[in-house]
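Hi,

Here is the structure I promised to pass on. Have a look at it first, and then read my notes below.

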Amino acid sequence: MELPASARIPALVIDKVSKRALEQLDQVEKFVQDRCLPADVIYSKQLGRDHKVRFSTVPKILDDLKAEARQQGLWNLFLAKGHYAEGGGFSNLEYALMAEQLGQSYIASETMNCSAPDTGNMEVLAKFGNSPQKAKWLAPLLDGKIRSAFLMTEPDVASSDARNIKFQISKEGNEYVLNGSKWWSSGAGDPRCELYIVMGKTDAENPNPYQQQSVILVPARTPGITVHRMLSVFGYDDAPHGHGHISFDNVRIPAENIVLGEGRGFEIIQGRLGPGRIHHAMRCLGAAERALDLVLARIHEPTKKPFGKMLHEQGSVLEKVAQARIDIDSSRLIVLNAALKIDNGNAKLALKEIAEAKILVPNILGRILDFAIQVYGGAGVSQDTPLAYMWANARTMRIVDGPDEVHQAQLGRLEARRAEGVRERLRKIKALEATLAAQYKVQLTDALSLEWTSETKPKL
Ligand SMILES: Cc1cc2nc3c(=O)[nH]c(=O)nc-3n(C[C@H](O)[C@H](O)[C@H](O)COP(=O)(O)OP(=O)(O)OC[C@H]3O[C@@H](n4cnc5c(N)ncnc54)[C@H](O)[C@@H]3O)c2cc1C
């Protein structure tokens, strides 16, 4: 008999989780296991195969489960304490534990109105929107009545460096006129998608490249917008959500739709991506747990005995099971630590911890899924297990919200800033070594001088 999720929380954080959150966590787990996991396959069957239908209908089972989840109070759990009164009011740490459960199932996040990109978009509106913007867009999003997309990436520039964005937002009287092209607009395929949150340049000539960008709220069906196509991910279309390639041709939007004011785009995207990256990482952990569950089930399958032994009798298989367990449990600590750091300060103060989680967990998930696929043999790459689709999703996580390398570069720079202190400490040790060497009459050699010269001292 397995313990409930509340009894499996790492000892390091257990005292940081409220009684209410523990109860809710178990309720989330139960809903995911009893209602969402069995419904995943039905959802996929209800979507069918016809491209047009896939992007114009929402499977009925999803609406039914949304109503059920909401009735049980499992709704908007992601809106962290202090952000918005109607949210679950849990800390990021508490929500991170729940998000892990959601990550087990394809549809669970949406049944509880906790799916990306709406979560990040709702955070933007809750944190940065004014009252009319909240009333018009946040209220129906919180209600689960509409969906939204976040449009930043562009086909013609290296968008991992958001300073490169070319999309034009030009002021004309009481309106902004929008021109340009966006792609990978996740969620834009959904027939319920009513809102695009668009990032572009209002002041391309500003000498400060971080003040050129603004964010504006665009009703999805405004004249001048063309959704050209839906991009596929390793051949999967991710319908009905989808990833749109969209162009804007003189799209006119009222000036009051600008968020926070001109030139505040970077501030907004940083606010959006902080806790959201933890959500992704935690959901990835849930997916990793599911993959490991599927491994355990398969290696104990009595009908599958290659070379006269069941797979769990093979030492090499058990070694990989052990490594997967270590990888998941250690990654969870990294993620929870990042969530706690956000709770104790804010996303800006937790940059290092967020980057660690964002880089680590999708890589771990990819490795575990690769192992799971291998254990299943041919079935692992087929439609008969969820593993192939899970792998495709996991692989994209190393690109979505900024590729690994961007976060590694940021983390590397943060680490490098410690160099001055490190060298100072080593210099002190070296001086003490020299004193001891003189006392004990020992000859020392050393590869490092630990002196700076005016040319070599880095600007840290
Ligand atoms: C499934 C999916 C969903 C997405 N959803 C959205 C969405 O909803 N909204 C949105 O706006 N965007 C979305 N994106 C886009 C995603 O955020 C971008 O693809 C990502 O930021 C990279 O930008 P790019 O594709 O322009 O690649 P580029 O910026 O051209 O980068 C290409 C590669 O260059 C390398 N690179 C970049 N910087 C460095 C560096 N400093 N050091 C070393 N190597 C480096 C990396 O390997 C990187 O993958 C989505 C992408 C995918 C795949």
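**Two helices and what else turned up**

H6 covers residues 118-128 and H7 residues 131-142; they pack at an angle of about 145 degrees, with axes 10 Å apart. The axes are lines fitted to C-alpha atoms, for helices over the stretch in contact, and angles run from 0 to 180 degrees between N-to-C directions. The crossing of H6 and H7 is left-handed, meaning the near helix is turned anticlockwise from the far one by less than a right angle (clockwise would be right-handed).

Before you go further: this is a predicted model, where local features need pLDDT of at least 70 and side-chain atom pairs count only at pLDDT 80 or more, while totals for chains, interfaces and linings use all residues. Residues are numbered from 1 along each chain as its sequence is written, and side-chain values use heavy atoms, leaving out hydrogens and water.

Zooming out, the protein chain has 14 helices and seven strands (DSSP runs numbered from the N terminus: helices are H or I with at least four residues, strands E with at least two). The C-alpha trace spans about 85 × 70 × 45 Å along its principal axes.

Now the rings. The whole structure holds eight aromatic pairs (rings of Phe, Tyr and Trp, its six-membered ring, with centres within 6.5 Å; planes under 30 degrees apart are stacked, over 60 edge-to-face, the rest tilted). Tyr 43, Tyr 106, Tyr 236 and Tyr 389 form one aromatic cluster. Arg 298 lies over the face of Tyr 376, 5.8 Å from the ring centre (this needs NZ of Lys or CZ of Arg within 6 Å of the centre and within 35 degrees of the ring normal).

Finally, some backbone details. Cis peptide bonds, with omega about 0 degrees, join Ala 116 to Pro 117 and Ala 239 to Pro 240. Pro 117 is in the loop between H5 (108-111) and H6; Pro 240 is in the one between strands S6 (225-230) and S7 (243-254). Trp 184, in strand S3 (residues 175-186), has a positive phi of about 55 degrees although it is not a glycine.

Cheers
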